[in-house]
There are 2 protein chains.
Amino acid sequence: MNSERSKDMNITWHHHGVDISGREELLGHRGATVWLTGLSGSGKSTIADILSEILHGRGVLTAILDGDNIRHGLNNDLGFSPPDRKENIRRISEVAKLFSSFGVLNILAFISPYREDRNFARSIQGENEFIEVYVEVPLEIAEERDPKGLYKKARSGEIPSFTGISAPYEEPESPELVLKTHESTPEECALQIINVLEAKGIISSES
Amino acid sequence: MNSERSKDMNITWHHHGVDISGREELLGHRGATVWLTGLSGSGKSTIADILSEILHGRGVLTAILDGDNIRHGLNNDLGFSPPDRKENIRRISEVAKLFSSFGVLNILAFISPYREDRNFARSIQGENEFIEVYVEVPLEIAEERDPKGLYKKARSGEIPSFTGISAPYEEPESPELVLKTHESTPEECALQIINVLEAKGIISSES
């Protein structure tokens, strides 16, 4: 197609485009998606922030995708009905795939309670480039933390359908990693993810 | 919010996150969006490819967004009705903004015939980070090139609503750059965009 057009435009430039390996060479690491899933209050965003900071310090280009930058932008037309939630995760999955196709290391922090939706994200990404991280925490602890006061609203009925209270959370069946934020610090959790990224050859090991 | 959560999780890590300036320092250039608009067959994709290649050679991380990677992924639920076309460009605009918020230099190649839609893209991006490039070519020449055989289908009525034939193209009123692919080679066009990027301080000038 491109060579057709070039010929047609009567030029001699022979371009081969920039592919993923060229971008990965430029960046010094591979594109990938770290998908943090877990209850509200499990610690996903805290881990995402710390992980991003550590990786950045090692020269890795990260992109954090979370409710803040997705729900207020790309997905600001979506609500919280089941089909909208599904579409929310579908678009996020596609954006993560796009980002990683350009060499970026994405860190996603979404409750993403449904197995089917997370498996879709995995299916469109290369298997080796998708790291599903289950941020596991007992409901009581997440509810006690309640950083956004959402559990309180869920219990009072103000939020009608809330994961863990009035809507299901489907635990990952074979995530790449399980983190327990009630037993480890967020920094320890982030370092466990780093180990997986190194083991998969997505980032190089620190010498 | 994060400090709340951290406190709640009883940790002492003081993270300030990674912001856009940190990422731009890592990459050595600023995030921005080069938005190529023009008729089908005007040469947008060819210019995008060459521009990406030149920039990559200068160490700039680029992402090309075009029909191929958007219509088959993120926007595969959208057709070509007026509201779907609008939603297509809205999502693309949001993705471009996301990419540039992480320091990536986006190159977008979409007909994007409506002023209102392009202006939306500009409005959500920083004014200095949005480079609207009108790839101008007389309709006769674009139709003669017809790289995808779409004009033929449009003339025969097989495609009912086709920009330039049976649907309007609204020319940009004050684009950052106008390129005429019937007068310059795609490489010359790409170099003109490089000049704008340098002048705006998005990439550094070659010494």
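Predicted model: local features only at pLDDT ≥ 70, side-chain atom pairs only at ≥ 80, totals over all residues.
**Entry 1. Overall layout of chain A**

I began by listing the elements of chain A and found nine helices and five strands. Read from the N terminus, their order is α-α-β-α-β-α-α-β-α-β-α-α-β-α. I then looked up the extent of the chain: along the principal axes, the C-alpha atoms of chain A fill a box of roughly 70 × 45 × 25 Å.

**Entry 2. The sheet**

In what order do the five strands of the open sheet lie? I read the order in chain A as S2-S3-S1-S4-S5, and the pairing is parallel. Strand S2 (62-66) and strand S5 (177-180) of chain A are the edge strands, as each pairs on one side only. From one strand to the next, the twist averages 20 degrees.

I next examined the pairing of S2(A) with strand S3 (residues 105-109) of chain A, where five bridges join the two parallel strands. Within this pair, I noted Leu65(A) opposite Leu108(A) of S3(A).

**Entry 3. Helices on the sheet**

I found H5(A) packed on the sheet, where it touches strand S1 (32-37), S2 and S3 of chain A. The direction of H5(A) makes about 160 degrees with that of S3(A). I also followed helix H6 (residues 115-124) of chain A, which lies across S1 and strand S4 (130-136) of chain A. H6(A) runs at about 155 degrees to S4(A).

**Entry 4. Length and end of H5(A)**

I checked whether the length of H5(A) fits its residue count. The helix comprises 20 residues (82-101), so at 1.5 Å a residue it should span 28 Å. The C-alpha atoms at its ends are 29 Å apart, which agrees with that expectation. Just after H5(A), I noted that Gly103(A) takes a positive phi of about 95 degrees.

**Entry 5. H5(A) against chain B**

How are H5(A) and H4(B) oriented to each other? I looked up helix H4 (residues 67-74) of chain B and found it packed with H5(A) at an angle of about 150 degrees, the axes being 10 Å apart. Angles over 145 degrees count as roughly antiparallel, so I recorded H5(A) and H4(B) as roughly antiparallel to each other. Their crossing is right-handed.

I then listed the residues that make this contact. H5(A) contributes Arg91(A), Glu94(A), Val95(A), Lys97(A) and Leu98(A), while H4(B) contributes Asn69(B), Gly73(B) and Leu74(B). By class, the residues of this contact divide into three nonpolar, two polar and three charged.

Definitions and conventions
Residues numbered from 1 in each chain as written. Chains lettered and ligands numbered in written order. Helix = DSSP H or I, 4+ residues; strand = E, 2+ residues; numbered from the N terminus. Expected span 1.5 Å × (residues − 1). Pairing = 2+ DSSP bridges. Axes fitted to C-alpha atoms, helices over the stretch in contact; angles between N-to-C directions. Contact = placed C-beta atoms within 7 Å. Parallel < 35°, antiparallel > 145°, perpendicular 65-115°, else oblique. Left-handed = near helix turned anticlockwise from the far one by under 90°. Nonpolar A, V, L, I, M, F, W, Y, C, P; charged D, E, K, R; others polar.
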